[in-house]
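Welcome! Take your time and turn the view as you read.

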Amino acid sequence: MKRMAGAGAAAMLAAASLAGCGSTDGGAPSDASPGRTKVTVFAAASLKNTFESFEKEFEAKNPDIDVVFTFAGSQDLVTQMDGGAPADVFASASKKWMDTAESKNLVSSSPRIFARNSLEIAVAEGNPKKVTGLDDLASRPELVVVRCASEVPCGALTDKVLMAAGDPKIDFDTEQNSVTDTLGLVKAGEADVAFVYETDVASAPEKVDGLEIPEAESLANEYPIAVTVEAQKAKRSEAAQKFVDYVLGDDGQKALAEAGFQKGE
């Protein structure tokens, strides 16, 4: 694997890491307003734009609830919850990490699949490097190509897609711990190509274009959601379930579809 060098790349990675792991306001989640129940939602980084887009509408329909988001890689969120970080709802970008949360007794309700997401190749707007597909990437080592680490849901899906495509020998420059950070390198001009979700490409039309991967059409990550044991212990499970129901309901599903997610259950 090639390695990226230069102060610009290092600074970009540091900033993206902080952005990917913060709450909606970029800082630590604050206490709820008097008389309102704070519901803390730990959600995969790829859900950031969509979940934030319906925050106000959810709170308008549930004025007694103050929802606060923390976005990061699903594996990092499980580690945080296992270490004692308070979360009332967990929305994962893969069934694997929800299964891990269940095995650690971190979620109290049966997870529901609320969305699916497929892989796509992201390039700078207009595709200035004229990338054509996987075989092209394998034959052009001069391109800066980035991906998510295999431990991350997006990275695990990348592994599956590459194997389905016959394992083309692509020389990746770096691996990131969240899909947000991975796409951010292309958006910042630090990389030529990134393997990300279709929804991530759709979220930045002014910065990137997407190239479909034929082998990815039949492969997709499932996104499960569940109320946590922490919410149950703190007597916030009813409020937390309202957020889960919203995501599974018509309004939440409409927002997810508009963002490019495929239907869940």
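Let us start with the exposed side of helix H12, where Asp250, Lys254 and Glu258 are found. The helix runs over residues 250-258, and its buried residues are Gly252, Gln253, Ala255 and Leu256. Viewed down the axis of H12, the buried residues fall within an arc of 160°, so they line one face of the helix.

## The model as a whole

Please keep in mind that this is a predicted model. The average pLDDT of the protein is 89, and 87% of the residues score at least 70. Residues 3-30 have a pLDDT below 50, although this stretch has 42 contacts in the model beyond near neighbours in sequence. Where pLDDT is low, the predicted coordinates should not be read in detail.

The protein has 12 helices and 11 strands. Of its 265 residues, 49% are buried. Taking the contacts between residues at least 6 apart in sequence, 79% join residues at least 24 apart.

## Helix H4 and its surroundings

Which residues of helix H4 are buried? They are Ser74, Gln75, Leu77, Val78 and Met81. Down the axis of H4, these buried residues fall within an arc of 160°, so one face of the helix is lined by them.

The packing partners of the buried residues of H4 are strand E1 (37-44), strand E2 (65-72), strand E3 (89-91), helix H5 and helix H7 (153-164). Following H4 is glycine 84, and its phi is positive, near 110°.

## How H4 meets H5

Two packed helices are described by the angle between their axes and the distance between the axes. For H4 (residues 74-82) and H5, the axes come within 9 Å and cross at roughly 10°. Angles under 35 degrees count as roughly parallel, and H4 and H5 are therefore roughly parallel to each other.

Where the helices touch, Ser74, Gln75 and Val78 of H4 meet Trp97, Thr100 and Ala101 of H5. Sorted by class, this contact between H4 and H5 has 3 nonpolar residues, 3 polar residues and no charged residues.

## Two exposed loop residues

Now for the loops. Asparagine 105 sits in the loop between helix H5 (95-103) and strand E4. Is asparagine 105 buried or exposed? Its relative accessible area is 54%, so asparagine 105 is exposed. Along the sequence, asparagine 105 and threonine 228 are 123 residues apart, yet in space they are 8.6 Å apart, C-alpha to C-alpha.

Glutamate 212 lies in another loop, between strand E9 (208-211) and strand E10 (221-227). With a relative accessibility of 62%, glutamate 212 also counts as exposed. Leaving aside neighbours within four places in sequence, glutamate 212 is in contact with Glu120 and Glu217.

Key
Residues numbered from 1 in each chain as written. Predicted model: local features only at pLDDT ≥ 70, side-chain atom pairs only at ≥ 80, totals over all residues. Heavy atoms only, no water. pLDDT = per-residue confidence, 0-100. Contact = heavy atoms within 4.5 Å. Buried < 20%, exposed > 50% of the residue type's maximum accessible area, 1.4 Å probe, protein only. Helix = DSSP H or I, 4+ residues; strand = E, 2+ residues; numbered from the N terminus. Arc of directions from axis to C-beta. Axes fitted to C-alpha atoms, helices over the stretch in contact; angles between N-to-C directions. Parallel < 35°, antiparallel > 145°, perpendicular 65-115°, else oblique. Nonpolar A, V, L, I, M, F, W, Y, C, P; charged D, E, K, R; others polar.
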